[in-house]
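Colleague: I am new to this structure. Please take me closely through one part of it, the place where the ligands sit.

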Amino acid sequence: MSRTPLDQIVHLATPTDPRTRSLRHEARALLDLPFNDLLFRAQTVHRENFDPNRIQRSTLLSIKTGGCPEDCGYCPQSSRHAAGVDSEAMLPLGEVVRTAQAAKDNGATRFCMGAAWRGPKARDLEPVLEMVREVKKLGIETCCTLGMLKDGQAEQLREAGLDYYNHNLDTAPEFYGEVITTRDYQDRLDTLERVRNAGIHVCSGGIVGMGESRDERAGLIAQLASLDPPPESVPINQLVQVEGTPLAGTEALPWTEFVRTVAVARILMPKSHVRLSAGRAQMHEAVQALCFLAGANSIFYGEKLLTTGNPDVGRDDALFAALGLSAS
Ligand code: SAM
Ligand code: DTB
Ligand code: SF4
């Protein structure tokens, strides 16, 4: 498949507008800098905006696993791929609340509930609203990632006490069609707008290592940075290659490119929390340390992401101690 030329993505309001284009040039120029120059700039921006030794921690829980009708090429939960994680029923409220309490006791400050849906149906949303209400009562921030939202659903989530909604742009507009065909880029931008208009904090980022070019990584960061304001939380995921998904077998991205992407996200979104997200279980701790130097100041904490593994809490605690990092 070949990339969609940028100027042919006519249905999108933002990718070709002058501000996004200029951000994209800036992102590309930053990605091209010598590694040490880029990291110095990123750490300087980071220190102007944050305590460089504090890292926010979020814990994930898959509240509805598998059987998803979408075709996202990276995802083990799509029913269209051979990986096809079995479809499970929604978790009972009590189990969700117990897991959230344990996450809080371990030191997480945010609890993110994920569902393998294209988007929630009205009858799906009710039990999720109850989960949000109950988790919020524990005194931990709440986050959901449920797919595309329809009119009114973001307001319902906000009323239930939702603090953040995660919905990723995933990649640059012109590479997007290589990865997902069942929803388009504008659908994602529309959901982000609904989230923001409802007064919920936006969590949006992407995945690197899916076979995209450096220019397309610049395109993703520019697209995120051109949101007004940029997302409060920006997860940068490294593709977790799962056997049976279309993207399994993609040539691994050099670790330097991953760190560079984090650094450019930090520079172009200086006030956002940049999260070193999926992929840490496959990443050397020295590379993770460089990501923190490059301005990442958030992680997923806990042994599991949604369906794949994440470093043990004990290992993360030891890494934090070795680096003199503390939780925020
Ligand atoms: N189904 C909802 C949706 O896609 O909007 C919410 C859950 S979905 C699993 C959340 C995000 O996880 C995706 O947008 C993608 O960025 C990330 N993700 C999924 N599988 C991944 C993988 N194998 N490696 C890295 N990130 C992944
Ligand atoms: C995000 O950007 N990464 C998280 C969260 N948001 C929902 C999900 C990563 C999923 C990795 C593959 C899995 O565990 O299924
Ligand atoms: Fe479904 Fe979300 Fe996975 Fe896409 S990323 S297949 S929408 S669970």
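Modeller: A residue counts as near a molecule if one of its heavy atoms lies within 4 Å of it. Keep in mind that this is a predicted model.

Start with ligand 2. It is surrounded by 13 residues. The closest are Asn168, Asn237, Leu306, Thr307 and Thr308. The side chain of asparagine 168 has an N or O atom 2.9 Å from an oxygen atom of ligand 2. For asparagine 237, a side-chain N or O atom is 2.8 Å from an oxygen atom of ligand 2. Threonine 308 also places a polar side-chain atom 2.8 Å from an oxygen atom of ligand 2. How much of ligand 2 does the protein bury? Taken alone, ligand 2 exposes 410 Å², and the protein buries 88% of that.

Now the make-up of that shell. By class, it holds 7 nonpolar and 6 polar residues. Charged residues are absent from the shell around ligand 2. The space that ligand 2 takes up is the largest cavity.

Turn to ligand 1. A polar backbone atom of tyrosine 74 is 3.0 Å from a nitrogen atom of ligand 1. In alanine 115, a backbone N or O atom lies 3.1 Å from a nitrogen atom of ligand 1. Tryptophan 117 has a polar backbone atom 3.1 Å from a nitrogen atom of ligand 1. Taken alone, ligand 1 exposes 560 Å², of which the protein buries 90%.

Take asparagine 166, which is found in strand β4, residues 164–166. Is asparagine 166 buried or exposed? Asparagine 166 counts as buried, because its relative accessibility is 13% and the cut-off for buried is under 20%. The side chain of asparagine 166 reaches the backbone oxygen of cysteine 203 at 3.4 Å.

Next is serine 233. It lies in strand β7, which covers residues 233–238. Serine 233 is buried, with a relative accessible area of 1%. Its side chain joins that of arginine 275 in a polar contact of 3.3 Å.

Alanine 225 lies in helix α8, residues 214–225. Its relative accessible area is 2%, so alanine 225 is buried. Alanine 225 and threonine 20 are 205 residues apart in sequence. In space, their C-alpha atoms are 8.1 Å apart.

Phenylalanine 292 is found in helix α10, residues 285–293. At 7% relative accessibility, phenylalanine 292 counts as buried. Phenylalanine 292 and leucine 276 are 16 residues apart in sequence, and 8.2 Å apart in space, C-alpha to C-alpha.

Note on methods: Residues are numbered from 1 along each chain as its sequence is written. Chains are lettered from A and ligands numbered from 1 in the order in which they are written. This is a predicted model: local features need pLDDT of at least 70, side-chain atom pairs count only at pLDDT 80 or more; totals for chains, interfaces and linings use all residues. Side-chain values use heavy atoms; hydrogens and water are left out. A polar contact is a pair of N or O atoms within 3.5 Å; within protein, one must be able to donate a hydrogen and the other to accept it, and residues adjacent in sequence count only if both atoms are side-chain atoms. Accessible areas come from the Shrake-Rupley method with a 1.4 Å probe; for residues, only the protein chains shown count as cover. On a 1 Å grid over the protein atoms alone, a cavity is a set of points where a 1.4 Å probe fits but cannot get out, and a pocket is an open set with protein on both sides within 12 Å along at least five of seven lines; lining residues have an atom within 4 Å of a point. A molecule sits in a cavity or pocket if more than half of its atoms lie within 2 Å of its grid points. Ala, Val, Leu, Ile, Met, Phe, Trp, Tyr, Cys and Pro count as nonpolar, Asp, Glu, Lys and Arg as charged, and the others, Gly among them, as polar. Helices (H or I, at least four residues) and strands (E, at least two) are DSSP runs, numbered from the N terminus. Buried means under 20% relative accessible area, exposed over 50%, partly exposed in between (1.4 Å probe, protein chains only).
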